[in-house]
Amino acid sequence: IVLGGTAGATLVSFPMKVVIQAAKDVVKAFFPPKNDPEQIIRDIVRYAQQARKDGLISLEKEAQAAKNPLMQKGITLVVDGTDPQTFKDMMDIELGSFEEHAKASAEVFESAGGFAPTIGIIGAVLGLIHVMENLSDASKLGAGIAVAFVATIYGVGIANLFFLPFAGKMRIRIHDRHRRREMMLEGVISILEGMHPRMLEIKLNGILDDASRPK
C-alpha cells in the first residue's frame, strides 16, 4: 500500500518524462560528473587574453573546441559580435530554463516525501479496520494492531530516510551547477565587454565558495 500508493500519487502528479529524469538525476546527485571550477576559470582567462591580443574573432576555434555546450554557445555568440545587453538577456533565459527543468527532479522526490506518510496512515487505518472485524478473537488483537501501525512506520521512514534526503541532495547539486553556469556566462560577457584578464580572474574567483576557491 505505501510503496504502490506513493508511486501512483507521484506518477499522477508529474509527467512520466519528468519522473524518469528524476530517477536519472539521483545518480548524478550522489556521483556528480567531475567539473573543476579552477580549470573553467583558467580557460576563461585564456580566452580573455587571446581576445585582448588578437581580437574576439580569434576565439572561433576555441568555440569549436570547447567541451561544455554552454561555454561553446557563449563563445560563439561573442565571436558573432552579439551586443552585450542582448547576450545577457539571452543567457538569463538560458539560466532560468536550466534552473526550472533541474528543480523539477527535486520536486518529484519532495512530493513523494509528502505522499508517503499520508499513504502510511491510510495503510494503518485499513489495518485497524481489519482488526475491528476480529474483535471477538482477543488473541489476534495485539498482532493485528502492531501490523496496522507498521504501515505508518514505512511511510514516515521512506519519506525521511530516502525521498526527502534525495531531494535535498539534488537541490545542493543544482545550486552548484547553477553557480558554475553563472560563472561561465559572467566570464564570457566580461570578455565581450573587454575586461582585463587579471581583473576577470579575480571576479570569477569571487563567485566560488571558500571550499572551491583556489588557495
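**View 1. Ile-1 lies in the segment before helix H1 (2-13).** Helices here are DSSP runs of H or I with at least four residues, and strands are runs of E with at least two, numbered from the N terminus. This is a predicted model, where local features need pLDDT of at least 70, side-chain atom pairs count only at pLDDT 80 or more, and totals for chains, interfaces and linings use all residues. Residues are numbered from 1 along each chain as its sequence is written, and side-chain values use heavy atoms, with hydrogens and water left out. Ile-1 is exposed because its relative accessibility is 62%; buried means under 20% relative accessible area, exposed over 50%, and partly exposed in between (1.4 Å probe, protein chains only). Together with Ile-121, Ile-122, Val-125, Leu-126 and Ile-129, Ile-1 makes a nonpolar surface patch of about 550 Å² accessible area. Patch members have over 30% relative accessible area and no salt bridge, with like charges joined within 9 Å and nonpolar side chains (Val, Leu, Ile, Met, Phe, Trp, Tyr) within 5 Å. The areas come from the Shrake-Rupley method with a 1.4 Å probe, and for residues only the protein chains shown count as cover.

**View 2. Leu-11 is found in helix H1.** With a relative accessible area of 40%, Leu-11 is partly exposed. Look for Met-16 and Val-19, which Leu-11 touches when residues up to four places away in sequence are not counted; contact means heavy atoms within 4.5 Å. Leu-11 and Ala-112 are 101 residues apart in sequence, yet their C-alpha atoms are 9.5 Å apart in space.

**View 3. Phe-109, Phe-162, Phe-163 and Phe-166 are linked into a cluster by ring pairs.** Rings of Phe, Tyr and Trp (its six-membered ring) pair if their centres lie within 6.5 Å; planes under 30 degrees apart are stacked, over 60 edge-to-face, and the rest tilted. By this rule there are three aromatic pairs. Phe-109 is buried at 12% relative accessible area, whereas Phe-166 is partly exposed at 22%. Phe-162 and Phe-166 also form an edge-to-face pair, at 6.4 Å and 75°. These two are about one helical turn apart because four residues separate them in helix H7.

**View 4. His-178 has its place in helix H7.** His-178 is buried, with a relative accessible area of 15%. Leaving aside residues up to four places away in sequence, His-178 touches Leu-95, Phe-98 and Glu-99. The ring of Phe-98 has the charged end of Arg-181 sitting over it, 4.3 Å from its centre; for this, NZ of Lys or CZ of Arg must be within 6 Å of the ring centre and within 35 degrees of the ring normal.

**View 5. Lys-203 and Glu-186 form a salt bridge, with their closest N and O atoms 2.8 Å apart.** The pair joins distant parts of the chain, 17 residues apart: Lys-203 in helix H8 (residues 197-207) and Glu-186 in helix H7. A salt bridge is a side-chain nitrogen of Lys or Arg within 4 Å of a carboxyl oxygen of Asp or Glu, and the count by this rule is ten. Asp-176 and Arg-179 form another, at 3.1 Å from N to O.
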